[in-house]
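Please keep the structure open beside the text while going through them.

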Amino acid sequence: NSIPLSMKSSNVKVVRSCRICHSRKLYRFLDLTPMPIPNGFLKKEDLKKKEPYYELSCYFCENCGLVQLTNVVNPSIMFSNYVYIPSTSKIMMNNFSNLAYCANNLIKLDGKKLVIDIGSNDGSLLKFFKIYGAKVLGIDPAKNIAKLAEMNGILTEVKLFNLTTAKTVAKKYGKATVITATNVVAHIDDLHQLFKGVDKLLSSDGIFITEFPYLLDLVQKNEFDTIYHEHLSYFSLKPWLHLINQYGFEIIEAQRLFIQGGSIRLIHKRKNKSKGSYQKTINYLIKLEESHGLYDKSAFDKFSDRVSNLRTEIITTLKKLKKEKKKIVGYGAAAKGNVLMHYFNINSKIFDYVVDSTSYKQGLYTPGNHILVHPEQKLLTDHPDYAFILAWNFADEIIEKRRDFKKIGGKFIIPIPKLKIV
Ligand code: DWN
């Protein structure tokens, strides 16, 4: 009852219909219970202040199949002062390098071609496009991280992307030959505005490249903790195709990626500007989605059951380790980690602290359960028994990096896709 459920209209908008097909047949299959925004890390002096909690329930559209949140937290609350930067991970940087390589293979980049990245963050992706000689421009609402991008030599317009921004940018810089949007489309509430903006900003034979977590991976690997307020949509191909067809785009390439627990890269061109259809791969992926029940709401009830079984198993294991007086810490102050800790009731009695490589996050406290974030090196001086990998999407990279921790007898707990102790 002390939880201030923030329903102030300026902070939260509740949408009652599907953000792609506008159907009202939305079926709620998972309620992760109200929690603060998962990137809402706190300074020590903020711990006493009221911390708004926001509903976190997930819905399946029975008409087009889009999985989505209906509670839309005001984007300026979530994204104006941001703490996530992709450059902490080698895997993410390799992926960005590969994305620029693929784009250059499709459209020879040079100084006359403009590449615009929507949700450009610290400019990590655009740096790779610069290597191919392209002109680059970032668009991102996070003023703090835009400063970092500018230091990296990446010009950034500090704005949320929508049709208005597209018009202003097109007027000021001209049309883009390539528009990229990685791990940002899922964060945008008005997907129709997004495509109207892309249509306005992209040259007639340009390519629009998106990357986002793939619903097939989320369901197959029980990745419930990637469901949180920043991610308004969880995409599979049928609803995505329903959306892009309305704006005259078609997919010319689709690649599944390992990053972020399993993502999909979709490269688009305007219809009849692309040679040959990519239908075979699209049909194959849709068949795969259907075989995993992604267009049948019972699959999401089964998903929800698996999540509650995982919750029971992990809470039991952690309680047993604490009874044995084991010292456990969190590894990776990830947004998803804050969702997992919230849903599994993990507090400072279970994790002594969390370690993280992002300087922004060190010295801050996790939202909700208020656990202090330390630099990773603390593992080696403090010698906890277990490091619970909250950033499980980087488990291999982290375990490889922390052979020193293993050498002094440290063990890793990996929660997703199933509980594993290494
Ligand atoms: O979509 C989003 C994804 C791309 O990134 C955003 N909504 C927010 C964010 O989600 P996240 O915070 O769950 O992302 P990560 O990249 O999975 O978070 C990893 C965390 O782990 C970072 O805080 C960095 C940290 N880390 C670390 O401490 N040591 C990461 C690596 C690789 C390491 O070696």
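1. In this predicted model, an oxygen atom of the ligand lies 2.6 Å from an N or O atom in the side chain of Asp356. The protein covers 98% of the 710 Å² of accessible area that the ligand has on its own.

2. Which elements give two or more residues to the shell around the ligand? They are α11, residues 335-343, and α13, residues 395-401, and of the elements it is α13 that gives the most, with three residues. In total 27 residues surround the ligand, and the closest are Glu230, Lys336, Asp356, Ser357 and Lys361. Sorted by class, this shell has ten nonpolar, ten polar and seven charged residues.

3. Helix α11 deserves a separate look, because eight of its nine residues are buried and the helix is therefore largely enclosed by the rest of the structure. Just after the helix, Asn345 takes a positive phi of about 50°.

4. The largest nonpolar core has 141 residues, and within it Phe129, Phe224, Leu237, Trp240 and Phe351 touch the most other members. Helix α10, residues 297-323, supplies the largest share of this core, with eight residues. Apart from this core lies another one of ten residues, including Val12, Tyr54, Phe79 and Ala142.

5. Leaving aside neighbours within four places in sequence, Phe224 is in contact with Leu30, Leu32, Phe303, Val307, Leu310, Leu340, Tyr343, Phe344 and Ile416.

6. Is Gln68, a residue with a polar side chain, buried or exposed? Gln68 counts as buried because its relative accessible area is 0%, while the cut-off for buried is under 20%. This residue is placed in strand β4, residues 67-68, and its side chain reaches the backbone nitrogen of Arg19 at 3.0 Å and the backbone oxygen of Leu66 at 3.1 Å. Not counting residues up to four places away in sequence, Gln68 touches Ser17, Cys18, Arg19, Leu26, Ser57, Cys58, Tyr59, Cys61, Leu232, Ser233 and Tyr234.

7. Thr182 is found in strand β9, residues 176-182, and it counts as buried because its relative accessibility is 6%. If neighbours within four places in sequence are set aside, Thr182 is in contact with Phe96, Leu99, Asp117, Ile118, Leu125 and Glu211.

8. The last point concerns backbone geometry, where most residues other than glycine have a negative phi and most peptide bonds are trans. Asn121, in the loop between β6 (114-118) and α3 (124-131), has a positive phi near 55° and counts as buried at 8% relative accessibility. Asn222, in the loop between α7 (215-220) and β11 (233-234), has a positive phi of about 55° although it is not a glycine, and at 12% relative accessibility it counts as buried. A cis peptide bond, with omega of about 10°, joins Ile416 and Pro417.

Definitions and conventions
Residues are numbered from 1 along each chain as its sequence is written. This is a predicted model: local features need pLDDT of at least 70, side-chain atom pairs count only at pLDDT 80 or more; totals for chains, interfaces and linings use all residues. Side-chain values use heavy atoms; hydrogens and water are left out. A residue is near a molecule or strand if one of its heavy atoms lies within 4 Å of it. A polar contact is a pair of N or O atoms within 3.5 Å; within protein, one must be able to donate a hydrogen and the other to accept it, and residues adjacent in sequence count only if both atoms are side-chain atoms. Accessible areas come from the Shrake-Rupley method with a 1.4 Å probe; for residues, only the protein chains shown count as cover. Helices (H or I, at least four residues) and strands (E, at least two) are DSSP runs, numbered from the N terminus. Ala, Val, Leu, Ile, Met, Phe, Trp, Tyr, Cys and Pro count as nonpolar, Asp, Glu, Lys and Arg as charged, and the others, Gly among them, as polar. Buried means under 20% relative accessible area, exposed over 50%, partly exposed in between (1.4 Å probe, protein chains only). Contact means heavy atoms within 4.5 Å. A nonpolar core is a set of buried Ala, Val, Leu, Ile, Met, Phe, Trp, Tyr and Cys residues joined through side-chain atoms within 4.5 Å.
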